[in-house]
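Let's take a walk through this one together, piece by piece. Have the sequence and the coordinates open, and follow along as we go.

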Amino acid sequence: MTTNGGRVNIREISLEALLLILEQGAFSHLVISNALKKYQYLEKKDRAFFTRLTEGTLERLITLDYVLSCYSNVPVKKMKPVIRIILRMGVYQLLYMDSVPDSAACNEAVRLAERKGFSTLKGFVNGVLRSVAREKNNVLLPEKISLSVRYSMPEWIVEKWKKAYGEKQTEKILAAFLEERKTTVRFNFDRAPKEKIKEMLQKEQVIVEESGVLPYAFLLSSYDYLDNVTAFIEGYISVQDIASMMVAEVSGVTKGNQILDVCAAPGGKSLHLAELLHGTGYVEARDISAYKVGLIEENIARTKLSNIKTKVWDATKLDPIWQGKADIVLADLPCSGLGVMGRKNDIKYKITEENCKELAALQRKILEVVSRYVKPGGYLIYSTCTLNPEENQEQVEWIQQNLPFEAEDILPFLPDSFKNSLLEEAEKTAKKGYLTFLPGIYQTDGFFIARLKRKTDGKGY
């Protein structure tokens with residue numbers, strides 16, 4: 001893990017992280033987070049280099065493999081795993097990291113191959129990378145490559161989105177996933193005034209911008225490590241995307257509401273709803289395992305909210321205690337995650353069309369159960385972090401056809417600043433009760449929200 005000088009080798013840490021993710025199937029966000037915690041003592045610039053190299057190599061994997069296929073006599077799939085990843089990392093540095101000289105990208109890759117016991121292949125590594133370096137301005141010309149290669153997105157996803165959103169919007173979505181975004185956080189007015197929280201952050205050299213969409217949302221940048229930021233440690237802020245915050249807005253939560261969140265981990269939406277109850281009412285946040293519920297409890301302890309409790313519960317199983325009792329049921333259900341690939345880069349390589357169909361079936365199984373908890377006249381808020389119509393608007397249609405619910409206009413619940421930015425088609429769907437947040441169109445993750453009211457005629461169950 002070290003060079004001869006005794007310093008930690010950042011590229012080697014990245015290599016080991018990528019081996020875990022790409023060869024052993026570990027989740028990228030967990031591997032990267034664990035590595036950053038382990039090497040928290042490193043300088044900020046070193047941790048930033050590790051994050052950029054690791055996330056970037058994952059993000060551009062399809063593109064990198066295309067480039068390697070142009071310059072290697074050995075097919076990428078037939079390379080030894082360590083060499084394959086070293087070459088991917090090298091190509092990423094050559095094409096996307098201007099701060100790294102071509103000579104350093106090539107030489108460090110060769111040294112890394114040697115350190116990992118592949119001295120016999122150092123000439124191969126050097127030859128491939130030197131060839132890429134010489135031709136790097138010509139290899140990815142737009143007229144030569146497909147959208148899949150240009151934006152490193154599996155072809156089947158590109159085609160699905162082109163069918164759903166058209167080619168122009170699809171390219172905007174693809175480009176947005178590759179853009180660097182600031183961290184969005186929510187703060188609680190009941191804990192402290194906006195200016196006090198802003199001042200707390202700025203004292204620690206965090207750059208703070210107001211979101212311009214929601215009054216309790218900030219955009220943060222230039223911080224070193226969020227877990228060390230006082231405002232986060234003491235529960236004044238919570239990380240949450242603007243689209244995810246809209247769930248609580250669209251729910252129409254009012255003081256005294258009894259709310260059940262059936263798939264809540266890590267708890268951001270549950271906590272937001274509890275905050276908007278302003279110390280009244282009750283939120284029960286559930287998930288399927290003690291581990292997931294533990295994540296929620298950590299956030300409850302950090303934010304010091306008293307009107308929210310947790311429970312381990314399988315959402316596919318009916319709980320008679322809640323039947324017909326909830327003012328609001330939040331069903332933010334397991335999904336394909338195709339809307340958050342900008343933050344979880346490995347999703348796009350792991351998910352399949354068959355997975356999407358299986359998840360849609362699971363969603364319906366859960367909806368059949370959890371919809372029973374909504375009292376007549378109450379609301380089911382259905383949301384996902386995917387851009388797959390089969391898991392989104394098609395589910396809203398299914399709910400209305402098979403369960404005693406009607407979709408209700410969500411436009412009145414959206415902030416004016418956001419409503420003014422809606423595309424014409426999105427405004428139409430919002431009036432029908434649902435909205436898809438498209439990256440590149442709106443400055444959010446890909447997300448879907450629907451608001452459905454339970455009928456009061458007593459029919460349906």
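**A walk through the fold**

Start at C106, which sits at a relative accessible area of 1% and so counts as buried. Keep in mind throughout that this is a predicted model. Is C106 tied up in a disulfide, or in none? A disulfide is a covalent bond between the sulfur atoms of two cysteines. With a cut-off of 2.5 Å between sulfurs, the count of disulfides comes to zero. C106 is in no disulfide, and the nearest cysteine sulfur, that of C70, is 16 Å away. C385 is another case to look at: its sulfur lies 3.5 Å from the closest cysteine sulfur, in C335, and that is too far for a bond. C385 counts as partly exposed, because its relative accessibility is 23%.

Now go to helix α1, residues 10–24. How far apart should its ends be? At 1.5 Å a residue, its 15 residues should span 21 Å, and the end C-alpha atoms are 20 Å apart, so the two agree. At the start of the helix, a side-chain oxygen of N9 comes to within 3.1 Å of the backbone nitrogen of R11. Just after α1, G25 takes a positive phi of about 80 degrees. The buried residues of α1 include I10, I13, L15, L18 and I21, but also R11 and E12. Among the elements that cover these buried residues are α2 (28–38), α3 (44–59), α5 (81–96) and α6 (102–115).

One of those covering helices, α3, is worth a stop, and T57 is found in it. T57 is buried, with a relative accessible area of 1%. Leaving out residues up to four places away in sequence, T57 touches L18, R52, L64, R88, M89 and Y92. Strand β2 (residues 207–210) and strand β3 (residues 217–221) pair in the antiparallel sense over four bridges. Six residues lie between the two strands, and in the turn G212 has a positive phi of about 80 degrees. V208 has L220 in β3 as its bridge partner. Is L220 buried or exposed? L220 counts as buried, because its relative accessibility is 1%. Not counting residues up to four places away in sequence, L220 touches K182, T183, V185, L201, V206, I207, V208, L226 and I237. L438 lies 218 residues from L220 along the chain, and their C-alpha atoms are separated by 21 Å.

Next, find D241 in the loop between β4 (237–239) and α13 (242–251). D241 counts as buried, because its relative accessibility is 11%. A polar atom of the D241 side chain lies 3.1 Å from the backbone nitrogen of A243. Which residues does D241 contact beyond its neighbours within four places in sequence? They are R181, T184, T444 and D445.

Then move to strand β5, residues 258–261, which pairs in the parallel sense with strand β6 (residues 282–287) over four bridges. The chain gets from β5 to β6 through helix α14 (residues 268–276), and this β-α-β crossover is right-handed. β5 also runs parallel to strand β8 (residues 326–332), joined to it by three bridges.

Finish at strand β12, residues 447–454, where seven of the eight residues are buried. Which strands pair with β12? Strand β9 (residues 374–384) runs antiparallel to β12, with six bridges joining the two. Strand β10 (residues 405–407) pairs with β12 in the antiparallel sense over three bridges, and A407 stands opposite L452 there. Strand β11 (residues 434–437) is joined to β12 by four bridges, and this pair is antiparallel too. Look at A450 in β12: A450 is the bridge partner of Y382, and Y434 stands opposite A450 as well.

Definitions and conventions:
Residues are numbered from 1 along each chain as its sequence is written. This is a predicted model: local features need pLDDT of at least 70, side-chain atom pairs count only at pLDDT 80 or more; totals for chains, interfaces and linings use all residues. Side-chain values use heavy atoms; hydrogens and water are left out. Buried means under 20% relative accessible area, exposed over 50%, partly exposed in between (1.4 Å probe, protein chains only). The expected span of a helix is 1.5 Å times one less than its number of residues. Contact means heavy atoms within 4.5 Å. A polar contact is a pair of N or O atoms within 3.5 Å; within protein, one must be able to donate a hydrogen and the other to accept it, and residues adjacent in sequence count only if both atoms are side-chain atoms. Two strands pair if DSSP finds at least two bridges between them. A crossover is right-handed if, with the strands pointing away from the viewer, the path from the first strand over the helix to the second runs clockwise.
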